[in-house]
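Please have your viewer open, and try each task before reading its solution.

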Amino acid sequence: MKISFNWLKQYIPVDLPTEQVSDILTNIGLEVEGLETFQSVKGGLDGVVIGEVLTCEKHPNADKLSVTSVDIGAGEPVQIVCGAPNVAAGQKVPVATVGATLYPDETGFTIKKTKIRGELSLGMICAEDELGLGTSHEGIMVLDPAALPGSPAADYFKVETDQVFEIGLTPNRIDGASHLGVARDLVAYLKQSGNIELSKPSLDEFKTDNNELTIPIEIEEKAGCKRYSGLTIKGISITESPQWLQNRLRSVGLTPINNVVDITNFVLQESGQPLHAFDAAEIAGNRVIVKTMPEGTPFVTLDEQERKLLGTDLMICNAEEGMCIAGVFGGIKSGVSESTRDIFLESACFDPVYVRKTAKHHILNTDASFRFERGSDPNMTVWALKRAAMLIKEIAGGTISSEVIDVYPEPVEDFRVEISFAHVNRLIGNPIEPATVRSILQSLEIKVEHEDELGMVLHVPPYRVDVQREADVIEEILRIYGFNRVEIGSGLRSTLSYSVKPDKEKIINMTSDLLTANGFYEMKSNSLTRAAYYDTEEKQDPEAVRLFNPLSQDLGLMRKNLLYGGLEAVAYNINRKSPDLKLYEFGNCYYQDPDSTNEKTVERFDEQLHMGIFISGNSQPGNWVQKPGASSFYLLKSHVESVLVKLGINPLSLETASSINRDFSEGQGYLLNGKSLVEFGPVSSKLLKQFHIDQPVFAAEFNWDRILKALTNYRILFTPLPRFQVVLRDFSLMLDKQTTFESLRSLAFKTERKLLKNVTLFDVYDGEKIERGKKSYALSFTLLDENKTLTDKQIDKTMMNLARAFEKEFGAIIRGMN
């Protein structure tokens, strides 16, 4: 939101430095994010002065050039070569001196001392387009003979220089989206240290000239329109706006259009109340009706785009058709043009929900919708209407040809709030005098209905949509009183807090550190995603949480997993020539129970924290020593297991199962007590094709809530190093192809529970020298007796028991033992 300092000064007699005003605004809740200088003429005509042409002679070496001597008020006249056909002795002209920069376009150019066809030129006599004052280049500007040589051209042309504050408005502070709103807060603050009042433009001279053109107003959709005010003005002339009005609009980033439209924009920026001027000749039936229209009704807006209306779109209509999307955008016939002579001026208060839904659906964001979406002040409609009517009459001529027609079906009452002085002092932390409290509240236009030694009864006007409780009012008092004025007490208060174990954030940070150290990058995706990811052509996913009013089709559903967001990130990076990826993400996923009969709606929904891991491309770059290493299922599995091990969960102690997730091809999962902790595997080619990814992607998804629950009883225990020697023995086995290492490992631990400590698979062979349907495994066994040294007899007996168990259970053939 741009706020002009010069504009503010029209309402406040203040002469403070802009930096100090910036600090004040920030301290009272209107954060100044930037400060820029505005000049009505770019460059401010710096270095341009008024000159008097003393002599003018033909250039000796050029037919179309003249050599002049010009008095610029600096002692000796300067010689300037000029190509304008209308230059003559005795003229007063604008002169750009050496070093001045002119901006006939955005880039500009600097005047230099130069020779033109052999004659020295020490400046330039300017045309209006060269100064940025107009578009004419027919000749130099000839000024009033009374102009004083040497005086700055900026003073002659009344170039305005302004400081503009860029204020970052929070959604609840729409009252600060106008110059009067900012001035009101500034006066409330400054009033504590001096006698200062807000000076609003007077409407005392407003009057109706006649009743020649009265246009009745009817509100059919009362829920969408709280108040609608209007009047007519006849006999106006559509022309260019005066310079002061153009400067005001340009200072806040608006482009002048014509006098009537500029006035409506000016009043909007002044008061925060959007207005619209209709060409009265286009209002069929001389009636204005506020209503909705049938779903799918075509409507052409001012940008010449045809839009299909929703059944909930609030429309401003005449007796035959829609003229304007209320609070959002005008129709193609609703604006004024050069031929317009009579207008109907609208000032209304529309419901924020209606405007927000319409603006989002049609993807239309305007200054008007910005304000209506956040809640406009119903008490401002008539004031803004009269203010604009008086300006139009002054600038565009015409007569006010109707009374103010004000339709206000259900007047909005002030919020009645009671405050206690004791609560004010307790919450703020400083004792504040009741007189100070009263002064602040009255400066904010909050009325005091009753006051006694205990507190006040207040009426808060509707312009502050967020001030409805005692705490809200106390916050307003503190905001204006000044946070920096609250003293820091000498007392120290603290509470003992119980930290739930395991510490969720600590576990997440530890895991993030592990993955980052292994070359991963953390990513964040939107929790809102496409419904098409979860729905099929036959039916919708019943467990998905859907939005009733999504911003777009791409954001219509709450995600159920992190996989699709991860694949979007993978595709995004691959398309930008970054195919080698290692990504991870922590994020919430959302579900609902479609069969729930619980009366509490919230009980039907579930929110779970997940972690996703995604790898694709090369896991390590190639160089002259080694070839690139491609990502693989086993690399992904190693990262999954490293996370589990880091958290103190032994993967070997978990159940394993093939993943039933349709998004993985040949996926695997680790389970605890029958519930999945993590699923991982290569992403299916069908899904990769949907995301336009043409390289393998391997993904894992942890149910982090279950991980944390599994860690609840986890304890770190100290175990001393073994006192006796560890013994390693190897087996080479011939097995059926369908026999898994996990089954061998489980049988080994069942056979030898005391001495066997670990089993590892260190070689697999499946080739031509092996019988068809068979494979060769090489297993390593770690044996240890924690109480004594193992003897050869014990070792051999253990290994023979294992061999017999493998032969009996799996039909294994022992090919070698070491």
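The exercises below go from model confidence to a sheet, a helix and a loop residue.

**Before you start.** This is a predicted model, in which local features need pLDDT of at least 70 and side-chain atom pairs count only at pLDDT 80 or more, while totals for chains, interfaces and linings use all residues. Residues are numbered from 1 along each chain as its sequence is written, and side-chain values use heavy atoms, with hydrogens and water left out.

**Exercise 1.** Find where confidence is lowest and where it is highest in the protein.

*Solution.* Start with pLDDT, the predictor's confidence in each residue, from 0 to 100. Its mean over the protein is 90, and 99% of the residues reach 70 or more. Next, go to the elements (DSSP runs numbered from the N terminus: helices are H or I, at least four residues, and strands are E, at least two). Strand β36 (residues 655-658) has the lowest confidence, at a mean of 81, and strand β28 (residues 521-522) the highest, at 96.

**Exercise 2.** Work out the strand order of the open sheet that holds β41, and name its edges.

*Solution.* First, apply the pairing rule: two strands pair if DSSP finds at least two bridges between them. This gives four strands in the order β41-β42-β40-β43, with antiparallel pairing. The edges are β41 (756-765) and β43 (813-817), because each has a single partner strand, so one side of each is left without a neighbour in the sheet. Now zoom in on one pair: eight bridges join β41 to β42 (residues 774-783), and Tyr-765 stands opposite Ser-776 in β42.

**Exercise 3.** Which residues of helix α2 are buried, and on which side do they lie?

*Solution.* Take buried as under 20% relative accessible area, exposed as over 50% and partly exposed as in between (1.4 Å probe, protein chains only). In α2 (residues 18-27), Thr-18, Val-21, Ser-22, Ile-24 and Leu-25 are buried. They share the same side of α2, because they cover an arc of only 165 degrees around the axis; the arc is that of the directions from the helix axis to the C-beta atoms. Their cover includes α1 (5-8), β2 (31-39), β12 (161-168) and α5 (179-190), with contact meaning heavy atoms within 4.5 Å.

**Exercise 4.** Is Leu-302 buried, partly exposed or exposed?

*Solution.* Locate Leu-302 in the loop between β17 (298-300) and β18 (306-308). Leu-302 is partly exposed, because its relative accessible area is 38%. Its contacts, not counting residues up to four places away in sequence, include Phe-329 and Ile-332.
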